[in-house]
Amino acid sequence: MVGIDRRLLQNVDWPLLVAIGGLIILSTTTLMSLHVGRAGGTVAIRQLAWFGVGLVGLLVVASLDYRKLVRAAPLFYCLGLAGLVWVSLMGRTVSGARRWIALGPLTVQPSEAFKLCFILATVWLLISRWVQPIGRGAVVLTVAIAVVPALLIVKQPDLGTALLLFPVLVALLVGAGMRLRLLGGLALAGMSALPLAWLAMKDYQRERIFVFLDPFRDPQGSAYNVIQAKIAIGSGQLLGKGVAGATQSRLAFLPERHTDFIFAVFAETWGFVGCLILLTCYVLLLLRGFDIAASAREPVGRLLALGATTLLATQILVNVGMVTGLLPVVGIPLPLMSYGGSSMVVSLMTVGLLLSVRMRQFQ
Amino acid sequence: MAGAPYPGWRGGFPGRRDAGHRRVIAIAAVVTAAFLVIVGQLWYLQVLEGGHFRDASEKNRIRIRPIAAPRGILFDRNGVPLVDNRPAFTLSLIPRELDRDVARRDAVLGRVAAILLIPYQELVDAVARVPADSFLPVRVRRGLTLEDVAKVEEWKLELPGVIVEVEPQRAYPTSRFAAHLLGYVREANEEQLRHGRYRRGDMVGQSGLERLLDEFLRGRDGGERIEVDAMGRPMRLIQQTEPHPGGQVITTVDRRIQEAAERAMEGHAGAVVVMDPRNGDVLALVSTPAFEIDRFTGMIDRAAWLRVVQDPNYPLLNRAIQSQYAPGSVFKVIVAAAGLQEGTLTPLDRTYCSGEFHLGAWTFKDWKEGGHGGVDLHRAIAQSCNIFFYQAGLKVGGSTIARYATAFGFGEATGIDLHGEKFGLIPQPKLMRGRRAWHAGETVNMSIGQGAVLVTPMQVARFMAAIANGGVLWKPRLVQRIERPDRGVVWSDSGHVNGHVELSPIVWAFLRQSLWAVVNDGGTGAAARIPGLDIAGKTGTAQMIAKSKAERGQDHAWFTAFAPLRDPQVVIVVLAERGGKGGQVAAPIARKILNAIFFEKVAAAGVSG
């Protein structure tokens, strides 16, 4: 199973890797400027360490034949689900959210890893002969395998991650050839589920929606993050304030500045021009992902690449959208930028999936 | 792809441009469009609105902490301070460091209220006025005692966000020293804040010289621009501006005389003015009862404020310039001056005083039962004979008396720089027509300073100074000059003359001689006599119409004098409200003060070193 011959290496997607390298450099320098924790720079160093771990994950995933991974998808799905159940039963609680499980000295977030399991399982399902052609039955089945874990994740509570599953699901259904009329039906179903979701939301989540609609309803309280993020981004202006001048970030006006709101730090420091460079890296990464999907020679590879790319795209867009005030605040990290081990490793493994498909494109 | 053959696990796509390919491209296009929306939003935030957000981020990180400029000091004419600054303890709250939890915060405020006996609501209001994340101290109470400070220190651990600051505060020689002259200093009130010249917490002169000279005294506050972090902790000093201390005011007041006058007035309500007749300098200005000026500085509580405002004795009133009284017999000097100058009276005019005077159906009485017997003008002034002046007044005429009174500055402001001076009133017989037409009885009343005539002690002082100096009406001067440490003299006043009274030298001499007799030759002012000092003065008793026995002896007592006779250096006016007769009550007070002025000089200087 693990065999890398020279033909595989010839098909490595170098632009993709260049984009990732660029993002890692931007992430590390941004974290270095932040002095989070007891000594400045520790976060950046740990981020680099996690990058190393993630790189190993990427290489492992890329060297595996994705078709074999998809065949093993039911197993992965069950493992992932077990992880989620474990969290909900005996997970570690940090600041009110039970998202982590302790593995020796490390704490990992099963919901992060589950995103990959979910993609594999959905692709496995959509490729199975007995759901062809993709119709109502397939939609119901795939929604079912999304909803159960989504509910477990919502309970943590981690609404953002749970909601991520659905754009990925829709992209996979569309890519698998679902009739577009059904897409309308799916949208309707989603809309009708909104009131239910509203009822299931916690108070702070509803407050975030209100704040999104009216940022100045509580400037010192729930709207503080959004307003400070906007001030940070806007004050960066065209060219940014530089590391020393980025007062919003340096003086800690910006909350969650090394994790979910790292984009605002970057935007304050490097301005509009810097943001364009960062976003270009992301767009390059995503377009290479879509290209891998589009140029795949068979459905498993295409759907896998499409799912992986959509997952990354959704996370990036939702995070940047939330930080720039285009979307309500949901706790989703910015892939490859935000500090966080699980997110970094899983993002790189997602890229590994893409590489795996690319390298076996011509086999 | 619907309807296309199922490619399965191993199958490939028939061609490169299949339906699935198009769908992937479509999804990629949607994602790319979303990125363009984000770029648009960034363009809006960073380029279009960037300046606005840059300002907001500056406002976030920059705090300006004012450094109060020390208020200028008021000195007396000899360079002795009338008021000084001393460090005082101020209780302040730092909103940022108070507990975020409202219940616990209120518990802290409640504890402070209980320890220092401050109304709880006052504390809550003070905190509510400023943003909750401010790290700038909010002053809650100035002028804590050492005991209070000790209590706060003792409870320190249970009082997060409560601090004691040290600030300069006004200090006075005694609790009520020169209260009306100096005036009190308090935090800018709501109206002054609305006016826009002051910031909350600024100390502003609210009355007296402190109010008049506030502009000069307050100096210019300095400030620090500090960079703070999100917790409001100061991170570094960006810029510092040193405060410019207020100007030093050299007044005309003599602290020694002021203190002597205040001592002499103890137990009496009324006013004392001491003036230099040579230049109009106000050497002392006393109004009693005085308010406790040291308690008015800083933060007076509502109850104490109401107690002063509602006091039936009106301690806030500056009786030297804001109260009007009938001048009583003091006014006879004007009748005499008018008559002598106009030729309607001569020193040889004699009258027999039987104690009663009849005019038509009316009977006017002398203050002395049985009368003074035969009197001429000189004796009539010295013994303050009413009967003589009833007749003299009729001879001189109401209009002429009014004209001379006006010439001596009555009925108009003296122009002293203090706020709220009253004008007094001199009735003008010529202007009275119809039902209010002037009749002879009113002239009779006016001749002895009763009836409608009203004067202020300051006007009497200026009048007496004119008698002493030969007719020059000085504008009372309170401030000689104002100096700034960095710029030297920034303001000075060399004295202003409001007017002249032209009388022949012989008349001046006669008046002075008669006034000397008041004190030294069997006159009504004998109680003011100091052997060896030639004092010239005049008593006055402003009669209150006694409606009951209880109101007897409720007359206002006047005594005004200048000394020494040949080279007048000081003029003094004493008014004792409801004191009784001028000669019995006011004259002894004046004597004490004059004695202090002329004879206690050396002793006082010895004590003060």
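A: We begin with a definition: two residues are in contact if their C-beta atoms, placed from the backbone, lie within 7 Å. The model before you is predicted. In chain B, residues 24 or more positions apart account for 71% of the contacts with a separation of 6 or more.

Q: What does the secondary structure of chain B come to, and what percentage of its residues count as buried?

A: The secondary structure of chain B comes to 22 helices and 23 strands. A residue is buried if 20 or more other C-beta atoms lie within 10 Å of its own, and exposed if 12 or fewer do. Of the 609 residues of chain B, 43% count as buried.

Q: Is Trp474(B) buried or exposed?

A: Trp474(B) counts as buried, because it has 26 C-beta neighbours inside 10 Å. This residue belongs to strand S17 (residues 472–474) of chain B. Beyond its neighbours within four places in sequence, Trp474(B) is in contact with Asn279(B), Gly280(B), Arg462(B), Ala465(B), Gly495(B), Val497(B) and Asn498(B).

Q: Is Val497(B) buried or exposed?

A: Val497(B) counts as exposed, because it has 11 C-beta neighbours inside 10 Å. Its place is in strand S20 (residues 497–500) of chain B. Leaving aside neighbours within four places in sequence, Val497(B) is in contact with Val472(B), Leu473(B) and Trp474(B). A separation of 5.7 Å is found between the C-alpha atoms of Val497(B) and Lys475(B), which are 22 residues apart along the chain.

Q: How is a sheet read, and which strands stand at the edges of the open sheet of five strands?

A: One reads the order of the strands and then their pairing. Here the order is S12-S11-S23-S22-S21 (chain B), with antiparallel pairing. Strand S12 (282–288) and strand S21 (536–542) of chain B stand at the edges; each has a single partner strand, so one side of each is left without a neighbour in the sheet. From one strand to the next, the twist averages 5°.

Q: How many bridges join strand S11 to strand S23 of chain B, and what packs on the sheet?

A: Six bridges join strand S11 (residues 270–275) to strand S23 (residues 570–576) of chain B, and the two run antiparallel. Within S23(B), Val571(B) stands opposite Met275(B). Helix H20 (residues 505–520) of chain B packs on the sheet, where it touches S21 and strand S22 (556–563) of chain B. The direction of H20(B) makes about 70° with that of S21(B).

Q: How may the length of a helix such as H1(B) be checked?

A: One compares the expected span with the distance between the ends. At 1.5 Å a residue, the 30 residues of H1(B) should span 44 Å, and its end C-alpha atoms are 42 Å apart, which agrees. The buried residues of H1(B) include Val24(B), Ile27(B), Ala28(B) and Val31(B). An α-helix has 3.6 residues a turn, so residues three or four places apart point the same way. Among the elements that cover the buried residues of H1(B) are helix H14 (262–294) and helix H15 (299–323) of chain A, together with H2 of chain B.

Q: How many residues of chain B are in contact with chain A, and which element gives the most?

A: On chain B, 43 residues are in contact with 48 residues of chain A. Helix H1 (19–48) and helix H2 (50–61) of chain B are the elements that give two or more residues to this side. H1(B) gives the most, with 20 residues. The residues on this side of chain B divide into 25 nonpolar, twelve polar and six charged.

Note on methods
Residues are numbered from 1 along each chain as its sequence is written. Chains are lettered from A and ligands numbered from 1 in the order in which they are written. This is a predicted model: local features need pLDDT of at least 70, side-chain atom pairs count only at pLDDT 80 or more; totals for chains, interfaces and linings use all residues. Helices (H or I, at least four residues) and strands (E, at least two) are DSSP runs, numbered from the N terminus. Ala, Val, Leu, Ile, Met, Phe, Trp, Tyr, Cys and Pro count as nonpolar, Asp, Glu, Lys and Arg as charged, and the others, Gly among them, as polar. The expected span of a helix is 1.5 Å times one less than its number of residues. Two strands pair if DSSP finds at least two bridges between them. Axes are lines fitted to C-alpha atoms, for helices over the stretch in contact, and angles run from 0 to 180 degrees between N-to-C directions.
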